[in-house]
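Have the sequence and the 3D view open as you read.

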Amino acid sequence: FDQVKQFYETETVEGAGKSLSGFQSIEDLIYAENVHMYEMGFEQQYHFGVFYAWVKLREQEIRNIRWIASMVVLGTKEHIDDTIVPIFQPRL
């Protein structure tokens, strides 16, 4: 806990109050890519992959909620958006 807290505190000091939003761990990148693949499962019809994709997206939603709850408990609400993987974000 102390190492994680120290990491976030040094990050904000070095960035003059701004967090490094470009920094993501390999796990976050893998989760984001998986969410994109599961979203693509809803693009076609007549297959059972939709059910699998729905379950996996639901698991990611639970992961996001747990992350938000942990950041609220730790009192670091400014870091909530750093690793949240948006599900079904709007396409341009």
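**A walk through the helices**

Just after helix α3, G75 takes a positive phi of about 80°. Keep that glycine in view as a landmark. The model is a predicted one.

Now step back to the whole chain. The protein has three helices and zero strands. From the N terminus on, its elements run α-α-α. Of its 92 residues, 20% are buried. The protein exposes about 7,500 Å², and carbon and sulfur atoms supply 60% of that area. Look also at how the chain meets itself. Among contacts with a separation of 6 or more, 48% join residues 24 or more positions apart.

Return to α3. This helix has 26 residues. From its first C-alpha to its last, α3 reaches 37 Å. That is close to the 38 Å expected at 1.5 Å a residue. Which residues of α3 are buried? They are A53, L57, Q60, N64 and M71. What covers them includes α2, which runs over residues 26-40.

Take N64 next. N64 sits in α3, within residues 49-74. Is N64 buried or exposed? Its relative accessibility is 10%, and the cut-off for buried is under 20%, so N64 counts as buried. Leaving aside residues up to four places away in sequence, N64 touches I84, V85 and I87. Another, I84, is 20 residues from N64 along the chain. Yet the C-alpha atoms of N64 and I84 are separated by 5.7 Å.

Move on to the aromatic rings. How many aromatic pairs does a search of the whole structure find? It finds three. One of them is formed by Y38 and Y52. A pair of aromatic rings is described by the distance of the centres and the angle of the planes. For Y38 and Y52, the centres are 6.0 Å apart and the planes stand at 80°. That makes the pair edge-to-face. The pair links distant parts of the chain, with Y38 in helix α2 and Y52 in helix α3, 14 residues apart.

Stay with Y38. At 18% relative accessibility, Y38 falls under the 20% cut-off and therefore counts as buried. Setting aside residues up to four places away in sequence, Y38 touches Y52, A53, K56 and L57.

In soluble globular proteins, nonpolar side chains tend to be buried together. Here the largest nonpolar core has five residues in all: V35, Y38, A53, L57 and V85. Helices α2 and α3 each supply at least two residues of this core. Y38, the ring partner of Y52, belongs to the core.

Notes. Residues numbered from 1 in each chain as written. Predicted model: local features only at pLDDT ≥ 70, side-chain atom pairs only at ≥ 80, totals over all residues. Heavy atoms only, no water. Helix = DSSP H or I, 4+ residues; strand = E, 2+ residues; numbered from the N terminus. Buried < 20%, exposed > 50% of the residue type's maximum accessible area, 1.4 Å probe, protein only. Contact = heavy atoms within 4.5 Å. Expected span 1.5 Å × (residues − 1). Phe/Tyr/Trp six-rings, centres within 6.5 Å; stacked < 30°, edge-to-face > 60°. Areas by Shrake-Rupley, 256 points an atom, 1.4 Å probe, with all protein chains shown as cover. Core = buried A, V, L, I, M, F, W, Y, C linked by side-chain atoms within 4.5 Å.
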